[in-house]
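Colleague: Please take me through one part of this model slowly, beginning with a single side chain and then widening the view to the chain around it. I am new to this, so tell me too where I should read with caution.

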Amino acid sequence: MATMNVKEANAAIGLEGGPSVDASRRARFAEFWYYFRQNRGALVGLAVFLLIVVVAILAPVIAPHSPTAQVRGAFLVPPVWEEGGSWEYILGTDAVGRDILSRLLYGARFSLFIGVVVVTLAVVVGVVVGLIAGYFRGAVDTVIMRLMDIILAFPSLLLALVLVAVLGPGLMNAMIAIALVLQPHFVRLTRAAVMAEKTRDYVTAAKVAGAGHFRLMFKTILPNCTAPLIVQATLSFSNAILDAAALGFLGMGAQPPTPEWGTMLAEAREFILRAWWVVTFPGLAILITVLAINLMGDGLRDALDPKLKRS
Amino acid sequence: MFRFLLRRLAVLIPTFIGVSIIAFAFIRVLPGDPVMLMSGERVMSPERHAALTHELGFDRPLWIQYLDYIGGVVRGDFGSSIVTKRPVLDDFLALFPATLELSICAIILAIVIGVPLGVLAAVKRGSWLDQSVMGFALVGYSMPIFWWGLLLIIFFSGVLQWTPVSGRISLLYFFPPVTGFMLIDSLLSGQSGAFKSALSHLILPTIVLATIPLAVIARQTRSAMLEVLGEDYVRTARAKGLPPRRVIGLHALRNALIPVVTTIGLQVGVLMAGAILTETIFSWPGIGKWMVDSVFRRDYAVVQGGLLLIAAIIMVVNLIVDVLYGLINPRIRH
Amino acid sequence: MKTKMMFAAALLAATTLSGAAGAKTFVYCSEGSPEGFDPGLYTAGTTFDAAAHTVYNRLLEFKPGTTETIPGLAESWEISDDGLQYTFKLRPGVKFQTTDFFTPTRDLNADDVIFSYERQLKSDNPWHQYVAGASWEYFNGMGFPELIQSIEKVDDMTVRFTLKQPEAPFLANVAMPFASIISKEYADKLEADGQMQLLNQQPLGTGPYEFVAYQQDAVIRYRAHEDYWNGKQKIDDLVFAITPDASVRYQKLKAGECHLMPFPNAADVEEMKADPNLKVMEQEGLNVAYLAYNTQMAPFDKPEVRKALNMAINKQAIVDAVFQGMATPAKNPIPPTMWSYNDSIEDDPYDPDAAKKMLEEAGVSNLSMKVWAMPVSRPYMLNARRAAELIQSDFQKIGVNVEIVSYEWAEYLQRSSDVKRDGAVILGWTGDNGDPDNFLHTLLGCDAVGGNNRAQWCNEEFNNLVMQAKQASDQAERTKLYEQAQVVFKREAPWATLDHSLSVVPMRKEVEGFVQSPLGDFAFEGVDLAE
């Protein structure tokens, strides 16, 4: 995901202002990387995020136990440094004797998966709809923007909650619901950018050269609107993880025994005053992941937004 | 100004109609037959099932059901809960003050702490202070608040036993609601200790709900301040030798606050989403918890009416923010 | 540190609970909000605890701690020889509560009784639809509209019910919460004021506690009824603190913020028992969870096959995994706390090898079947999916392949009652009135096939026994018939009986006089707090 972001960013910068050649692309990436590197927080975020990606990929190799295996007689074992803990279960076990560390490691997969799927869905739908609205304007635009207003009129989590209730609780439906509530932001951004770009000379030139609607929209205009979209996508990535965890916590997201972090928290609630570790670690995992992504997002914005670059 | 308002209203009405259609449609496509659920494990006879379906009006064409519903809404009738049989609006009005009280306290806390922190960070740009404020803001912004609430409960209620675990006031105190705001009602009741009890119940939920708005406001204030501090008139004021405190307080802050006000207005939706989680964690009897409970109870009428009312409130607040913004900043009026 | 905290808790308890000037306040941390305060409109136990058992009485009451009926507002009754006429003699001098919102001018009489029933029975009664969507679910569910021919006032203090057919459980039914007796005088006043909906918001009855106030989703307050016919309660103020989260309830109980709580987390029970400030009561709930085969479909139409499958299920494992021990394996279709429970019946042993052999002898091999798992958690089955997974692995051991299916709850209930349903269904039942008829006839009788009889099982011998018991009015005779019916049930095995969940009630040490109800009610008549 991180490398894809960089690539996308690369492409975006490479294309800024007209046709590109490889050399200028490389130079622009170097420039981006130069600014990104200035931001220590962003680098830390990137490093942590890459670590989480590695953990997610290698979960089956590094997890000491199966994430769903219940060990009778090992209920609510505390973490190793507490009295009664053991190296067998480094972060302790939950109420049915499952190893928390292993569940957290596997949980990283779900969180990243949720982020990727939701952002992809929201970006693809949002960008296409936004392009159409901004490019054609008129009645199409009005209808689309009213629809987006309607979606934005509801608190996002409430809308997602009701949507999941309609679709049926589960991880897949939760992702669809979250993507739907996140997508108006992409529509608005894309539309605004398209409207700004549409009157530029290079677009007129392409039009004169005989480019069709499709080519104009996707090949000529879109590549020049990518910078704000990338920043928004990073934000949405962390929002998606948070919202999915919240839905899981409310019992409407991933269903037990899936080791999704929010769902783990929901299951842990009844032990809140007796076994702090079952509550603490899943939340900490969510916080660290979201924080890393937001740090990266800040760095990306600083590196991509020329206005802030100057100040 | 008047034309601006009219234009905004012209957008608001179709949006509201759209919202009502969506809220209505959701409920019709929710799986599960509400009539069937009324009797649980006990099987209902087909005749009785048909009779009840008819009685509740579920057998009529959808568009008639919709028009009927909208007709009621216009008259202030949002239907009755399937579970409690009480009018949805009554329940909403009974519970809304709890959410409002919590939200107001949270937004005040967020402003009182967030704005000064943002100003400080901007003025001392690049210092350790700036970095730690921004670091905390980012943590707050990334916080899964449902977990944050649980942690606070573990520490303050469990370990230290300083704060109660749930509810709005100790059971010891009992007085009829006047304003619906527990803080005010407890003072009005004249019972000693009641206010303190209400306050101690309010503290943790307020902190939890304020977390994200606080972070957003601090960040927004900082960047708005930075922008303003770079403007010519501020530099002029500085060059004229005005004391820095005056420059920041009088010139910079006032202008920087314009975008901040908008940000605060936009936090209403965030607060509502936050209220859903906060109220659930602290058993706070407000509309956030009411909505979650109703979704789980499949109380269609409440989900529908609640969605509509909440969306209406958010839309109206956004309109007010827009109008205020238009008043402060004439450029926006086009 | 620990002693210090305990001291702090004790101090807190002392300060929070003593209340004002010697008035005794009892706080019950209830599990949820009542749906309303008219017991006739609802079916949830939470609502009955808050309305029926505090504010109201019924003609007959359940003797505390049992499922037997005793006189309530009716002092005595007579049943005609043909079992069709029930004549109730009302208790004289029963006072209604005097509250801020209503002052009664007369005592209980026959009009109140007739009003309480007719508003549910007659669709032309002005109170039949006094709130939107009123559906009198229990009144209909217990078959009253088809059963009751007429209700007459014989004199001011005598009411006669005429039934269309003999129905022995009728007496238990009139003791149920939905049959609570409401003041007609109060209702008339509300009707005259055009405020009928208040009946469901400010209840007024003859019961031990009178309603003071309800703060939605937070607190319900009651006061002792001064002129209660059965003696004024020792508790002055009764408070329901609505606390949906079980761990929060426990926290409050520990801190002394409440005296008694329902439905603890299984995981907390051990700790509660060890706490010197608490005591814990336990009893089997009036429920059963079962796996119902479709007995009209091959090969499940053969009792040997059903029996073999039953022997393959490790019930203890289900009890451990799903309830953490807070349940007991079930051998009969009715719970042990119910009268006529046949304890002499031997449960099928858990024996996979014998089960496998029995299947082979029945000529069944390579069997594949569906097991339905409920999508919701119910008191008798907290986690049906987990139970289904255990059954799946149990059946695997005897070579039976299981596919687990589930549907949305309403659809599950509907589809599972279909006669042509494919597969065995996990479901259960919580008793309504403590009468065995409510389990054996309601769930296993021939006329319930295609409905509540999820096994689609119609056995002539069994059905004759329960029909006979339904019409006999002698309790001893009925007991014998039901015991016999349980023998037939065990032999024919239309269900695998899975478990009866335990109802566990933790309370503060100082609570006195609380009696656990096998019906699952939380009633506070006769409760006191030791000084």
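**One arginine and the chain around it**

Modeller: In this predicted model, the backbone oxygen of S116(C) lies 3.4 Å from a polar atom of the side chain of R119(C). R119(C) itself belongs to helix α3 of chain C, which covers residues 110-121. R119(C) counts as buried because its relative accessible area is 0%, where the cut-off is under 20%. If we set aside the neighbours within four places in sequence, the residues in contact with R119(C) are D38(C), G40(C), N125(C), W127(C), H128(C), Y130(C), W136(C), I182(C) and L199(C).

For chain C the mean pLDDT is 90, with 96% of the residues at 70 or more. The place for caution is residues 1-21 of chain C, where the pLDDT is below 50, although the model gives this stretch 20 contacts beyond near neighbours in sequence. Where pLDDT is low, the predicted coordinates should not be read in detail. For the model as a whole, the scores are ipTM 0.87 and pTM 0.81.

Now we can turn to the side of chain C that touches chain B. Here 54 residues of chain C are in contact with 39 residues of chain B, and the area buried between the two chains is about 3800 Å², with carbon and sulfur atoms giving 56% of it. Across this interface the rule finds 1 salt bridge, in which R48(B) is paired with E137(C), and the closest N and O atoms are 3.4 Å apart. The rule also finds 5 residue pairs in polar contact across the interface, with both residues at pLDDT 80 or more.

Several elements of chain C supply at least two residues each to this side, among them the helices α4 (137-141), α8 (246-254) and α14 (409-416), and the strands β8 (209-215), β9 (219-224), β10 (237-242) and β16 (424-430).

Note on methods:
Residues numbered from 1 in each chain as written. Chains lettered and ligands numbered in written order. Heavy atoms only, no water. pLDDT = per-residue confidence, 0-100. Contact = heavy atoms within 4.5 Å. Buried area = accessible area lost by both parts, 1.4 Å probe. Salt bridge = Lys/Arg side-chain N within 4 Å of Asp/Glu carboxyl O. Polar contact = N/O pair within 3.5 Å; in protein donor to acceptor, adjacent residues only side chain to side chain. Helix = DSSP H or I, 4+ residues; strand = E, 2+ residues; numbered from the N terminus. Buried < 20%, exposed > 50% of the residue type's maximum accessible area, 1.4 Å probe, protein only.
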